[in-house]
Amino acid sequence: MIRTPAVDVGPIVPELILVGVAVVVLLVGVIARRVEPLALLYGSLAGVAGAAAASITLWDWDGAPTVLAGTVAADRFGVVVRLIVLGSAAIGLIYGHHYFERSGEGRPELYALVLFATSGMTLIAVAADLILVFLALEILSLALYVLAGFSARLGSVEAAMKYFLLGAFSSAFFLFGVAMAYGATGSTRLVAISESLAGRTSGLALALTAMGLLAIGFAFKVSAVPFHMWTPDVYQGAPTAITAFMSAGTKVAAFAALMRVFNVTLQPLTWDWRPLVWVLAALSVIAGSVLAIAQTDIKRMLAYSSIAHAGFVLTGLTAAGETGISSALYYLIAYSLTILGAFGVVMLVSARGERRTSLASYTGLGRRSPVLAGLLTLFLLSLAGIPPTAGFIAKVGVFSAATEAGAWALALIGVIASVAAAFFYLRVIVLMFMREPEGEEETDETLVPKLVVGVAAASVLVLGVFPGLVLGFLDQAAVLRW
Amino acid sequence: MPWLTAVIFLPLIGVPVLLLWRGMTDAQARWLALVLMVADLIVAFGVLGAFDAALSGYQLVEQVDWVASVGLSYLVGIDGFSVWLVVLTAFMFPVGLIASWGTTHRVRAFMALSLLLETVVIGSFCALDLLLFFVFFEALLVPMFLIIGVWGSARRVYASLKFFLYTMLGSAFILVSTLYLWFQTSEQLGRGSFDIRQMEQLSLDVSVQRWLFVAFFVGFAVKVPIFPLHTWLPDAHTEAPTKGSIVLAALLLKAGPYGILRFNLDLFPEASKYFADAIGVLAVIGIVYGAVVAMMQSDVKRLVAYSSVSHMGFVILGIFTLTTEGMSGAVVQMVNHGLSTGLLFFAIGMLYERTHTREMGEMGGLARVTPWIAATFLVATLSSIGLPGLNNFVGEFLVILGAFGADRWLGALAVTGVVLGAVYMLWAYQRTFQGPSTERSRNLTDMLPREWAAVVPVVAAMLVIGVYPKVVLERVNPTTDGAVRWVDSVEIDQAGLPGGLRAEVQPEYRPPAGAVAASGAEEVAP
């Protein structure tokens, strides 16, 4: 019996909503030049909420595991990743609106660009074809290149340029990897490649080259050492609100694709890629933690810390399969909430634009603005992995996954690096609470962004004390369907 | 009634109130904290009442699934090792609070952190789930770090960072070992669990067991601290505010030996025997080294801090004699050290508030000006040097008894620590309170009513333990008996015990020198 291929768009409804709303927001912004930015923000947030609702309905998707000629996977993994990304996008939109309105650089494209980037991030989470992975990667990257340079400051433009050049470079690696994979197996579909590789014992040279090139592409995007060079410059130069969105969203999206590609497509090569991930994880954890110690700018410090955190996620992924995926997903949730909160505080302390991001400007913050200082302390403790924060549970998760996979040496490297990392997080706490302020300096005490940061803080605590709230879902989401 | 949950979390109630209610005055904050701590003390006595002295296993156990999928549970329970530490914690916290009653710097935050600290300290003494223990154990770093760093004296930032990083590095090894053990439970028992009662049943390779023992031991040794991992202690104790010093000395230092008793002996009996001699030597080095360095101090707080190194050496020595006498002595000594060193720091705090110096050379003649502070210091000193009739005598006596049983040279060397202790403590008393008055030691007020209220109960407790130690010992002995038997069982009875480790004792294994069999716990009390 011949079945006509059904065009089932159900599993990409969230992306359709995002792109649709983005186009509308863009046009409204262009046509009605006098439109109230707040209206655009509400419209964009509604789009994000709609996409989130559409994602949730896909939790119990009972159609085919892949749709649109096998290019899009409809699984719970995709739902969870989308929700993390959409949450980051919502916070990113609120931050972005606030940031640019306050600095007087607000332009209507902001909302559309964030939504486009978000659609790329959610699409990559469900992409089941290497071409689609690449397309989604480009959608999110192109929007982010522009966003990084959204401010007219020289630093911001420079960051955008750097990000663009190095990002284009990494895209080339990735695309080359796709070509190699196609050459080795004759397909770009994740499952087809996997099936073709299964059981092969010889002629793997092309496939291994493809694996290496794809790994390089991903390592760029998740900023794993030694492909991390762009991260500190871009994180520091980009407007803080954008940095917040980028640091959470991009990392989640790129890791989602990495997990899917490595655990599905390259599953037959597990024994080959695990040492690779092991080395990347160890290097990132060590270099990120050590280099962060020398930083004097808080955004740069957080950038290095995000490199270390990429290493921790990779640590969890050395356990191939469901254990690794579920631990990495929890880590990404905890990390996103924490880093969004931390950059939120950085934005509020800067008050306007990028004026005070040096560590020295945190001196005595506990006296000047006890609430912001307290919130930042919580986020820093979560990044350091101190209980009872989500960061602690996340670290335990990835380390136990690694231990289970026999990589206990990596877990040991990880915990020792955590101690080194604790030093620079503590240094900020020391500055905030144990030194007296040098003068009265204004901080931004606007209610809405502060409330958002507060919600992130509450989530970090709740997930630290009751991780069971999400772990059950993550265990179900860790089963990749194809 | 969920006694342990109540005693752990009662203080925590005050934390959100203190942090969120901005209009609260300093006096209200102090009183709120004090009321909660005293209420917690009453609950702690309830725990003591509910504790059955005759049993050796875990009691008052409460278990609630926390993250069921990984076998993590909120599992608390106490036995003879921990029951007194819980009571001691609840007892010393209000004392410490009274010591820092005069703090005027960010009072609400200080009280909130103190209450938080009380919760995590008691929690770490009650947790029977290894990861839960780690959560409490690690979480106590933060409030302590802030208390030292914000309210401490001149070099407080250095001291607080050093404290945090040292301890965190130590516990890093504990975390990895914990995860390894968890992995073993899921391999061997079919279901991952952090429950130490499950972990006891694991059969581990002898070499693996020894590595894990070392990892746990290093983590706890930092906390104890055992020579040569002690260097954070003098800084932290000296720079901390009085309340912080009392909590550090009386309670946090106990987390180390407690962890060794609870986890090292329980999970790795073979390795405990294997390493007993070496650790005994380290403990004795610590005893003598701490005493010698203490003698050379001119800062009275630093002197007491080094004396802690020496005294904690006794505790560790007692544990690793692996005899009922030594181990019971060690447990009693943990309580005693908490009381006597806590009181010493309290007295020093009173002096510092009045003279604004910790240098003994700048004090002198204080006994005439502040006779009651002098008396307090003297009682604490006499207790600390082991005067019969006061609490420390019992513990030290038992430890030395145990040590002589295990190895008479170690015992003999440990005794020198007692002698040196008498030298530096009495000398400190003499330099501070006797002799000619200095400029700083004139026109000072003697003890205030609130200080009386803190000192009297502590002295009373010291006298009770000194005169009638059976109160403490009868609750400790069944558990130590059980622990000694458990460790001894490794070689004595290789068959008939769970796990394969007993069959795998390696040929080169040598029994610890003359480990005395567990006999007659009742006769131990002098």
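Two residues count as in contact here if their C-beta atoms, placed from the backbone, lie within 7 Å. On that basis, chain A gives 27 residues to its contact with chain B, and chain B gives 27 residues in return. On the chain A side, the elements giving two or more residues are helices H16 (390-404), H17 (408-434) and H19 (468-477), where helices (H or I, at least four residues) and strands (E, at least two) are DSSP runs numbered from the N terminus. H17(A) has the largest share, 13 residues.

A word on the model: it is predicted, so local features need pLDDT of at least 70 and side-chain atom pairs count only at pLDDT 80 or more, while totals for chains, interfaces and linings use all residues. Residues are numbered from 1 along each chain as its sequence is written, and chains are lettered from A and ligands numbered from 1 in the order in which they are written.

Now for the helices of chain A.

H5(A) (residues 130-148) and H6(A) (residues 154-185) pack at about 175 degrees with axes 9 Å apart. These two helices are therefore roughly antiparallel (angles over 145 degrees). Among the residues making the contact are Phe134(A) and Tyr145(A) of H5(A), and Tyr163(A) and Phe174(A) of H6(A).

Over in chain B, strands S1 (residues 59-67) and S2 (residues 72-78) run antiparallel, joined by six bridges; strands pair if DSSP finds at least two bridges between them. Gln63(B) has Leu75(B) as its bridge partner. Gly71(B), in this hairpin with four residues between the strands, takes a positive phi near 75 degrees.

Most residues other than glycine have a negative phi, and most peptide bonds are trans. Here are some exceptions.

| Feature | Value |
|---|---|
| Val225(A)-Pro226(A), cis peptide bond | omega about 5 degrees |
| Val224(B)-Pro225(B), cis peptide bond | omega about -10 degrees |
| Ala69(A), positive phi | near 55 degrees |
| Ser223(A), positive phi | about 50 degrees |

Ser223(A) is buried, with 28 other C-beta atoms within 10 Å, whereas Ala69(A) has 11 C-beta neighbours inside 10 Å and counts as exposed.

Note on methods: Axes are lines fitted to C-alpha atoms, for helices over the stretch in contact, and angles run from 0 to 180 degrees between N-to-C directions. Angles under 35 degrees count as roughly parallel, over 145 as roughly antiparallel, 65 to 115 as roughly perpendicular and the rest as oblique. A residue is buried if 20 or more other C-beta atoms lie within 10 Å of its own, exposed if 12 or fewer, and partly exposed in between; C-beta atoms are placed from the backbone.
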